[in-house]
Amino acid sequence: IINPKFKSETNVLEKPKLPVLVDNSASIMELNQSENVQGFVKLLKGHKELNNKFNMSFFSFGSDFRNLDSLLFTDRNTNISKALSTTDELFKNETAPTLLITDGNQTYGNDYEFSSLNNRNKVYPVILGDSTEFIDLKIEQLNTNRYAFLKNQFPVEVIINYKGNSSV
């Protein structure tokens, strides 16, 4: 009765962060993917279940990394590794899986395939642009003879593979 003690506990449920990185480079426009990107970002912003589970934050990148206010697709350069490392620094002590929306074309910076291995949070890419199957002609194997003799008809053998529908 003389010295009462009061104990108070406060529990706060904090949603994990979900940074969304959107490529704002001119290559998106050249691949005719600008409408797909803007539609996908609009879908993410309006998705009720995602917004209930995550605190979503949107960023754009190209030459620089910035908050997403509008997408113009005018940046002449793309530095994906800088965007990933900046996101990793912003959310370094938090659980923040990263959603990366890009065409995968990087014009400068470190190779993002290897630089993202050091990130604490996982990166989930959404790749836009050309399909993986495309018309291609490539040299599969090149066989040469070390010694060429006079009037030798076949000193080089080239094995060429072609994927496509039209004749080459």
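In this predicted model, a polar atom of the Asp103 side chain lies 3.1 Å from the backbone nitrogen of Asn105. The side chain of Asp103 also makes a polar contact with the side chain of Ser27, at 2.5 Å. Asp103 is placed in the loop between β4 (98-102) and α5 (112-115). Its relative accessibility is 8%, and Asp103 therefore counts as buried, the limit being under 20%.

Apart from neighbours within four places in sequence, the residues in contact with Asp103 are Asp23, Ser27, Ile28, Leu31, Ile127 and Leu128. Val22 and Asp103 are separated by 81 residues in sequence, while the distance between their C-alpha atoms is 9.8 Å.

The strands of the model include five that form an open sheet with mixed pairing, in the order β3-β2-β1-β4-β5. From one strand to the next, the twist averages 25 degrees.

Within this sheet, strands β1 (residues 17-23) and β2 (residues 55-61) run parallel and are joined by seven bridges. Lys17 stands opposite Asn55 in β2. Helix α2 (residues 34-46) packs on the sheet, where it touches β1, β2, β4 and β5. The direction of helix α2 makes about 160 degrees with that of β4.

Terms used. Residues are numbered from 1 along each chain as its sequence is written. This is a predicted model: local features need pLDDT of at least 70, side-chain atom pairs count only at pLDDT 80 or more; totals for chains, interfaces and linings use all residues. Side-chain values use heavy atoms; hydrogens and water are left out. Helices (H or I, at least four residues) and strands (E, at least two) are DSSP runs, numbered from the N terminus. Buried means under 20% relative accessible area, exposed over 50%, partly exposed in between (1.4 Å probe, protein chains only). Contact means heavy atoms within 4.5 Å. A polar contact is a pair of N or O atoms within 3.5 Å; within protein, one must be able to donate a hydrogen and the other to accept it, and residues adjacent in sequence count only if both atoms are side-chain atoms. Two strands pair if DSSP finds at least two bridges between them. Axes are lines fitted to C-alpha atoms, for helices over the stretch in contact, and angles run from 0 to 180 degrees between N-to-C directions.
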